[in-house]
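Subject: Handing over the two-chain model

Dear colleague,

Please find the structure below, passed on to you for your own work. My notes on what was found in it come after it.

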2 protein chains.
Amino acid sequence: MEQYNNITLDMGGGGAKSAEIIKEIRKILGSTGKWKNTGDDGAVFPLNKDAMNRVSTEWDKLVFTTDSFIVDPIFFPGGDIGKIAICGTINDLAVMGARPIGIGLSLVIEEGFPMDDFKKIMKSIGKISKTTGVPIVTGDTKVTEKGKIDKIEITTSGVGLAQNIISNGGAKVGDYIISSGDLGEHAVALLASRFNYKTKIKSDCKPLNKELEKVGKFLNACKDPTRGGLAANLNEIADKSKIKIIVDEKNLPYKKEVVAVTELLGLDKFSLASEGRFIASVSPENIKKVLTILKKFNSEAKIIGRVEPSSAKAMAGKGVYVKTELGALRKIEAPKGKLIPRIC
Amino acid sequence: MEQYNNITLDMGGGGAKSAEIIKEIRKILGSTGKWKNTGDDGAVFPLNKDAMNRVSTEWDKLVFTTDSFIVDPIFFPGGDIGKIAICGTINDLAVMGARPIGIGLSLVIEEGFPMDDFKKIMKSIGKISKTTGVPIVTGDTKVTEKGKIDKIEITTSGVGLAQNIISNGGAKVGDYIISSGDLGEHAVALLASRFNYKTKIKSDCKPLNKELEKVGKFLNACKDPTRGGLAANLNEIADKSKIKIIVDEKNLPYKKEVVAVTELLGLDKFSLASEGRFIASVSPENIKKVLTILKKFNSEAKIIGRVEPSSAKAMAGKGVYVKTELGALRKIEAPKGKLIPRIC
């Protein structure tokens, strides 16, 4: 590619300059694996030979997801908008029990966006694609006039194949509620860099497909606490599974520094977003196995609560509660009011 | 849903108001068909029962595509940003020979965007989804602060199943080049409404899956002339098929009003975008059959040129040429310079 310092409008116009930047993007992003991408409008995956070999596998459910990312700032401690976009889509497939097989990458870039920043973001996507083995297989690149978008917006879509779907509605009385690691570091890292607040906290942004491929089959429910955080996840699981969840205040998965920032800014820690964690409901017979595996990926993985019978004494019906160290129960509602904007 | 006049930031925050607007969107968009969408992060398609019934079908290739739409204005004669987004993705799958099975819909909306306009756009998507039978199966909704995006940006992604892929590289010497209808009306309609120029031309935006399902198996190459128009399509086909295409000036697929606007504004008609047309390369043995079928969908469908041997006398090698009414040959290059921005 010719040397350009900035993104120009005609890189999104569908002409020769579009072709040039797409070539450059594809070079940075690397192989498309088993997908055939001939520069047509889509990419082709040969289901018959690979995924549908019924003799050895029953990975016969197609899972499809999409997410747009409008992050501010676009570079932050622990990641950037590119990393969060590819991880977000890989994780949305992984928490459902699907093995991601391909990612679609659609970009809207502001005219004049620095080419160096653009390549940094593409490299960050390429790196996650390589380490996870999930190829970027199709895409689109549009450029809009200055002031019509804030720097860059990325939409990733993903397809995956699953043997069994992990739903949010499968939690059962007696299950343990676990977190795959400490929560809220993504939101705090973004907020801190937005306000130039000094902290050691980095975004927790990372792909979860490898750990979920190992433990997925042992989970009754699973969800990643992105927008809306733990409060949104647990309420969704409680609601769909028609059960009651009680989490223990002394086991809450928040680092001291994270709690300090939420207290400083008057934020609710339960609704802080993470981008590389999951919450799951696990039966007593599987809990040891699951934690042993997860601790290899993240030593912070732990039990944070339990699914209780909703008839239990002195407790309201369904929903999510936190048990304070003095034994009192406080309800955790699904986030209602204004949440931190542009966190993912 | 409670009555709101405008989109608010917390409709994209992942909390209760997000859930409300997603519910409203899903209500407008209608059924997800065979896809199971339980409000998890993705939608699930049961490949084993439906698509993979090998006894009756060999639709065993998975096709995946994605596109972002930043259209100005968002409402125009003949359509709106919603219609163009869903048609664009359905068409990207259809021109490859795939039967679209599901669409992902990812929205980024500016805070304060009028709720009535938003619902109008969703209804427009829902209508195409219903008439084509292609369900919206998964999605995402983000809201950004005022001034950080221009009104609304839509990214659609799509998955489809194909028996045989129609590539751009399959055109053969002797083939006829056809257009499924007159071209450039989408670009002219958008430009005209941008500049308040009075014209009867409406956008040609429409889904192509039904006509392509009927003729797809008879096409050697196929492409839809969106960004970059006929010039981009023919050059791509000529390039990938390693052939020479000659189109006839007297058969060019442009209405008089379209040509008039291009002359007025100094635009190249060959690079005008359409959003409901395709260009194809068809063998002599199939040409009659294909045109008979296509004329039922659009009486303007016609032969516009021919694939010629590149050794033909008095002609340069590969590439795309227009033969003037006086018999001279002029090369049509792939669009290079600045194209009309935000046309799709």
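What follows covers the interface, then the sheets, then the salt bridges.

Please bear in mind that this is a predicted model, in which local features need pLDDT of at least 70 and side-chain atom pairs count only at pLDDT 80 or more, while totals for chains, interfaces and linings use all residues. Residues are numbered from 1 along each chain as its sequence is written, chains are lettered from A and ligands numbered from 1 in the order in which they are written, and side-chain values use heavy atoms, with hydrogens and water left out.

The interface

Between the two chains, 80 residues of chain A are in contact with 80 residues of chain B, contact meaning heavy atoms within 4.5 Å. Chain A and chain B bury about 6,000 Å² between them, 56% of it on carbon and sulfur atoms; buried area here is the accessible area (1.4 Å probe) that two parts lose on being put together, summed over both. The rule finds 6 salt bridges across this interface, a salt bridge being a side-chain nitrogen of Lys or Arg within 4 Å of a carboxyl oxygen of Asp or Glu. Asp140(B) forms a salt bridge with Arg227(A), with the closest N and O atoms 2.9 Å apart. Among the elements that give two or more residues to the side of chain A that touches chain B are helix 1 (16-29), strand 1 (43-46) and helix 6 (229-241) of chain A, where helices (H or I, at least four residues) and strands (E, at least two) are DSSP runs, numbered from the N terminus.  By class, that side of chain A has 31 nonpolar, 27 polar and 22 charged residues, counting Ala, Val, Leu, Ile, Met, Phe, Trp, Tyr, Cys and Pro as nonpolar, Asp, Glu, Lys and Arg as charged, and the others, Gly among them, as polar.

One open sheet includes strands from both chains, its 5 strands lying in the order 1(A)-2(B)-7(B)-5(B)-6(B) with mixed pairing, and two strands pair if DSSP finds at least two bridges between them. Its edge strands are strand 1 of chain A and strand 6 (136-144) of chain B, each pairing on one side only. Strand 1 of chain A is joined by 4 bridges to strand 2 (residues 61-69) of chain B, and the two run antiparallel; within strand 2 of chain B, Lys61(B) stands opposite Pro46(A). Strand 5 (residues 98-110) and strand 6 of chain B pair in the parallel sense over 8 bridges, with Ile109(B) opposite Val143(B).

An open sheet of 7 strands in chain B has the order 9-11-8-12-10-13-14, again with mixed pairing, and its edge strands are strand 9 (219-223) and strand 14 (329-331). Strand 10 (residues 244-248) and strand 13 (residues 319-323) of chain B pair in the parallel sense over 5 bridges, and the bridge partner of Ile246(B) is Tyr321(B) in strand 13 of chain B.

Salt bridges overall

Over all chains, the structure holds 37 salt bridges. One of them joins Asp72(A) to Arg194(A), the closest N and O atoms being 3.8 Å apart. This pair links distant parts of the chain, 122 residues apart, with Asp72(A) in the loop between strand 2 and strand 3 (75-76) of chain A and Arg194(A) in helix 4 (residues 185-194) of chain A.
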